[in-house]
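Subject: Structure handover and notes

Hi,

Here is the structure I promised to pass on to you.

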Amino acid sequence: MRLKFSSVLGVAMLGFALLGAVPAHAATYYVSPTGNDANGGTQGEPFASMAKGQSVANAGDTVYLEDGTYTFSKGTTACASQTAIISGVVLSKSGSANSPINYFAAPGAKPVLDFSGILDSCRIKGILVSGNYIHLKGLEIKGVRQNNDLNHESWGVWVQGSNDTFEALDIHDIMGAGLFIQQGGNNLVLNCDSHHNFDEHTSNGAGESGDGFGCHIRAGDSGNVFRGCRAWWNSDDGYDFINAFDVCVVEGSWAWYNGYRPDTMTAAGNGNGFKAGGYGTDPSTFPATPPHHVVRDCLAFSNRAAGFYANHHPGSPYFQNDTGYGNHPDFNMLGMSTSGADTTVGVYRNDVAYGGTLFSNRTGADEMFDSWTIAGITVSDADFQSVALTGMDAPRQADGSLPDVPNFHLATGSDLIDKGTDVGLPFAGKAPDLGCFETGLGGSVSTGSTGGTPNTAAGGTTSSGGTTNTSAGGVTSSGGTTSNAGSASNGAATSNGGTTSNAGATSNAGATSNLGGAPASGSVSSVAGSGNTASSGASTGVAGANNAGTGGANDVSGDSSGCGCTIPRGTGRSRMPAMSLLLVALALYRASRRRVSAQSSGRRVGRATRSDA
């Protein structure tokens, strides 16, 4: 069949159009403590600062930080007063939905950002992230100081952007919270550690603000998720959601030894593992429709106060498949009515309380299928492979997920196995187990995936093999993705520059979920790629995802249909799809011209032969 020149030209023009629509090759820059900002930013001639890296980086680019310690002695601005706030690093330049700006540890490196040299007498943010679509990975952040007693605390990482990813960060020895989300939505805190934080200098009492992680967001800032994180030896709380006006989610995470001066048993701040809400005790500060935070698949042990705490919240947080051991109490269900009266709040499903004090403020609790509500269930040391309090701070697995330790995993034959109810979380066997570790799934609860939050599984769907895709219960995932039953948590999806998993899957935006049989408390705020977490107010669905890129491997584009489209890349984004189309079009055009030429030549030869005859 003859290909018309106009058709070939049309294909070629389409190729050129697509080529123009695809970004150019992403750039890679290097930063080293021994570098110089006058250099070109190559591996051989690296920059000296993240600030210089940001100045040249654009959407899709990666700034690699080489091994060594980066010391800071001043902020980006001067202190205007003793209560002013300065920052050591400001990341204000934004990436885009499919092309974040990446600030990664160079392969094999452990860059340390040490802010202890900033001695200005005011509050300090180690790293201020105000831009959107930024990805930090593999950095150690330490030593942010609070240098007078006029302020509550300083912060290791302060977040006020959206669609940002914070992965494999080791944050410690901060005089305040390790990582604090003040505003912005769709932020993912993945496989991060925050520990040994103690606000010695503070206006509200030493140790009262040294949290591991904080989520204090505005109304409308939905989709913020903490997954696979650890918080220990923090002077105040492990995870603190006080004054959050939208849903915060924490899943597959651990908290222990909070509420003490680090590495001692000397009391300091509040000492809760997971503080799931609250606005103080003044009802005038309560939002008209309080958010319902979600704490699931989490472990809290040996915290000075509660393992899981509703903290006078006027709404009901969801506590699902959580294990509390040796806390005081394991579950504090204290809420508060709009009139200021103490109430019991929270929805409790598949939870385990053992050791220490089991509960407080439990009267009238919404509790079912928990270790303390099921007839004939008793809990003892024999139910667990180990109840040791050591080893939980072991090195993480190669993909960044939580260490594979036996502590608090159920032992074979435990009567806590298969005694739960389906709330939409993955399980193996005829029913979910009680507690935070599901027998038969393999691996840890956390995942090495970097893109978005877990795709939700339909209620009633049984998943096995270590999948971490979760649901708030009874909500079917949309956008063409499934719950990935049988995918191993340490499998193909990796967090060390590997393939990004399931970025951007839209999970049934706006659907209402009853979260395991509990009365629905409003609508579900479902943000592209996030687990369907119960929210208050109108349903919202935000297309897109965190789309967190990975270093030097594959970039996954997450669209609102749930596509996880892998685009090959070397050091940057590839132009191959459009280029391939263009090359095909040119080849077809040349072939067509050759055929036309040959046919024309044949016709001329034929006519000459007939004429000679």
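Two strands count as paired if DSSP finds at least two bridges between them, and the strands (E, at least two residues) and helices (H or I, at least four) are themselves DSSP runs, numbered from the N terminus. Please bear in mind that this is a predicted model: local features need pLDDT of at least 70, side-chain atom pairs count only at pLDDT 80 or more, and totals for chains, interfaces and linings use all residues. Residues are numbered from 1 along each chain as its sequence is written, and side-chain values use heavy atoms, with hydrogens and water left out.

**The sheet**

With that in hand, isoleucine 86 is found opposite isoleucine 124 of strand 7. The two strands concerned, strand 4 (residues 85-91) and strand 7, are parallel and share 6 bridges. Strand 7 also runs parallel to strand 10 (residues 154-159), with 4 bridges joining them; here lysine 125 faces tryptophan 155 of strand 10. How buried is strand 7 (residues 123-129)? Using under 20% relative accessible area for buried, over 50% for exposed and partly exposed in between (1.4 Å probe, protein chains only), 7 of its 7 residues are buried, so strand 7 is largely enclosed by the rest of the structure.

These strands belong to an open sheet of 10 strands with parallel pairing, in the order 4-7-10-13-16-19-22-25-28-33. Its edges are strand 4 and strand 33 (359-360), each of which pairs on one side only. Further along, strand 16 and strand 19 (residues 239-240) run parallel and are joined by 2 bridges, with glycine 214 opposite aspartate 240 of strand 19.

**The cysteines**

Taking a disulfide to be a pair of cysteine sulfur atoms within 2.5 Å, I count 2 disulfides. One of them joins cysteine 79 to cysteine 122, with an S to S distance of 1.8 Å. The torsion about that S-S bond is about -45 degrees, so the disulfide of cysteine 79 and cysteine 122 is left-handed. This pair links distant parts of the chain, 43 residues apart: cysteine 79 sits in the loop between strand 3 (68-71) and strand 4, and cysteine 122 in the loop between strand 6 (111-114) and strand 7. Cysteine 79 is partly exposed, at 25% relative accessible area, whereas cysteine 122 is buried at 0%.

The sulfur atoms of cysteine 215 and cysteine 248 are 2.1 Å apart and form a disulfide. This link is left-handed too, with -80 degrees about the S-S bond. Cysteine 215 is in strand 16 (residues 213-215) and cysteine 248 in strand 20 (residues 248-251), so the pair ties together parts that are 33 residues apart in sequence. Both cysteine 215 and cysteine 248 are buried.

Cysteine 229 is in no disulfide; the nearest cysteine sulfur belongs to cysteine 192, 5.0 Å away. Cysteine 229 is buried, with 0% relative accessible area. Cysteine 298 is likewise in no disulfide, and the nearest cysteine sulfur, that of cysteine 436, is 7.8 Å away. Cysteine 298 is buried as well, at 0%.

**The cores**

For nonpolar cores I used sets of buried Ala, Val, Leu, Ile, Met, Phe, Trp, Tyr and Cys residues joined through side-chain atoms within 4.5 Å. The largest has 61 residues, and Phe166 and Leu179 have the most contacts inside it. Apart from that core lies another of 24 residues, which includes Phe301, Leu402, Leu434 and Cys436. With contact meaning heavy atoms within 4.5 Å, and neighbours within four places in sequence left aside, leucine 179 touches residues including Val157, Val159, Phe166, Phe213 and Gly214.

**Serine 371**

Serine 371 lies in the loop between strand 34 (366-368) and strand 35 (524-527), and is buried at 5% relative accessibility. Beyond its neighbours within four places in sequence, serine 371 is in contact with Asp351, Val352, Ala353, Ile377, Val379 and Leu434. A polar atom of the serine 371 side chain lies 3.2 Å from the backbone nitrogen of alanine 353.

**Overall numbers**

The protein has 3 helices and 39 strands, and 58% of its 613 residues are buried. Of the contacts with a separation of 6 or more, 69% are between residues 24 or more positions apart.

Best wishes

How values were computed: Polar contact = N/O pair within 3.5 Å; in protein donor to acceptor, adjacent residues only side chain to side chain.
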